[in-house]
Amino acid sequence: MGAVLGLFSAAQLACCCGSAACSLCTACPACRNSTSTRIMYAVMLLLGTVVGCIMLAPGLQDDLKKVPFCKGGIVSSGPDCQSAVGYLAVYRLCFALTMFYALMSLIMLGVKSSKDPRAGIQNGFWGLKYLVVIAIAVGAFYIPEDSSFATTWLYFGMIGGFLFIIIQLILIIDFAHSWAERWVGRYEETESKWWYVALLSATAIMYIASITGIVLLYVFYSSPGDCSLQKFFISFILILAVGVSTVSIIPSVQERQPRSGLLQSSVVTLYTVYLTWSALSSSSDTQCKPNIFGPSDGSKVGFDQQAIIGLIIWMCCILYSSIRSASSSSKITMSEHVLVKDGGVHSSMQGDASLIDNEERGGLTEDSGKGGQKVWDNEDDGVAYSWSFFHLTFCFSTLYIMMTLTNWFQPNSSLATFSSNDASMWVKVISSWMCMGLYLWTLIAPVVLPNREFN
């Protein structure tokens, strides 16, 4: 209850910020309306994640057993509600957030600019939005568990989680390209050896961490017994890592993309090693995975170390997509649907004339009495990103968070609890392969399609 009240207080604070979320917050710098809106939706998702983590706290499990959906105890079609109430509560909270973002995605279909009447819904009514989420969550807590809600919602979670992993891959690849382009550009401009040393150091650290991870995977997840599938997964990702690293430095690729190199490859390799570790940890074969982090089934409600790392990576990707503008590499990775386009109308404030022009159209919000913080409308002639796709991304992100917080466990009626499942293992393994394939495409696309411009 305290978490819900805290969420309600946050909703009141967000409501004070109005349609231009940062305009009345004196700590916020001047920014575009498209950026401030995305930040506010990210804050909503982050608050929901915090509440989900609180629901998994051991000290709250006894109190959560009093929730309406758990009155029946053990049911024939699902897990033991008394022992897995934390997971089931997370399912219902994420159901509310997913429904909200899905509804917003449908409402924002076809919006072309902020002149659309629906722009007010997108950029404002923050207090009402939080109340809607809370209302849906309260209603979800009354869905009885004997209706097989958890078992059914698991499949939606796995599909949505898989789709968000793909989007997350796109954002990570875009980040890797942007990072390398910036550092190589600084080195070429200044010819400072320190930028060169920084490039080499970052690349070496990433590869050392990746090699260490692969060695540990062989040690802990490929015992002398029958673990041939696990050995195949580890070996295959190693082969793919060597392959994409080699392709990134071949002359034909360097000619078309002179700033492409091993730094991007090291970032992608490290992330795919994490995905492989997460996949092997989700296997139902207990003989081919260590038990060094506690029980590997649903007997212990909470989330383990690989889930914590997954949350950190997810949080970085959400913040990156909320504040980052689309780079040239986003044209290859297609991340411009989520990221703000650099070439958008009024993408920067250029002199007093621009300020006056924006203010006359109502696109500039200024709190002249409180520090002059400004949020200006940069979407009056065209949206800077797809509003509908943005909410769809957050919809998938919520499902990914739900699966991460519950360790991708499967409701098991025969064991009356949650347990590991091989379906989640295959989702993550295929995602790691797709990550390598997508990064490989960003390298060879300018070579195989020389008549297209990717810059």
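This note sets out numbered points on a predicted model of a single protein chain.

1. Overall composition. The chain contains 16 helices and five strands. Of its 455 residues, 52% are buried. The accessible surface amounts to about 19900 Å², and carbon and sulfur atoms contribute 66% of that area.

2. Contacts across the sequence. Two pairs illustrate how residues separated in sequence are placed in space. S386 and L109 are 277 residues apart in sequence, yet their C-alpha atoms are 8.8 Å apart. S210 and L238 are separated by 28 residues in sequence and by 9.4 Å from C-alpha to C-alpha.

3. F125 lies in the loop between helix 5 (119–123) and helix 6. Its relative accessibility is 54%, so F125 counts as exposed. The backbone at F125 deserves attention: its phi is positive, about 55 degrees, although the residue is not a glycine. By way of background, most residues other than glycine have a negative phi.

4. The geometry of helix 6. This helix covers residues 126–140. Its 15 residues should span 21 Å at 1.5 Å a residue, and the C-alpha atoms at its ends are 21 Å apart, so the two values agree. The buried residues of helix 6 are W126, G127, K129, Y130, V133, I134, A137 and A140. Viewed down the helix axis, these buried residues fall within an arc of 165 degrees, and therefore they line one face of helix 6.

5. Leaving out residues up to four places away in sequence, K129 touches Y41, M44, F100, M104, I121, Q122, N123 and G124.

6. Helix 8 comprises residues 193–221 and includes V219. S210 is also found in helix 8. S210 has a relative accessibility of 1% and so counts as buried, whereas V219, at 55%, counts as exposed. Beyond its neighbours within four places in sequence, S210 is in contact with S266, T269, L270 and V273.

7. S386 is found in the loop between strand 3 (374–376) and helix 15 (387–405). With a relative accessible area of 26%, S386 is partly exposed.

8. Helix 15 and the residue that follows. From its first C-alpha to its last, helix 15 reaches 27 Å; it has 19 residues, and the span expected at 1.5 Å a residue is 27 Å. Helix 15 is mostly covered, with 17 of its 19 residues buried. After helix 15 comes N407, where phi is positive, near 60 degrees.

Definitions and conventions: Residues numbered from 1 in each chain as written. Predicted model: local features only at pLDDT ≥ 70, side-chain atom pairs only at ≥ 80, totals over all residues. Heavy atoms only, no water. Helix = DSSP H or I, 4+ residues; strand = E, 2+ residues; numbered from the N terminus. Buried < 20%, exposed > 50% of the residue type's maximum accessible area, 1.4 Å probe, protein only. Contact = heavy atoms within 4.5 Å. Expected span 1.5 Å × (residues − 1). Arc of directions from axis to C-beta. Areas by Shrake-Rupley, 256 points an atom, 1.4 Å probe, with all protein chains shown as cover.
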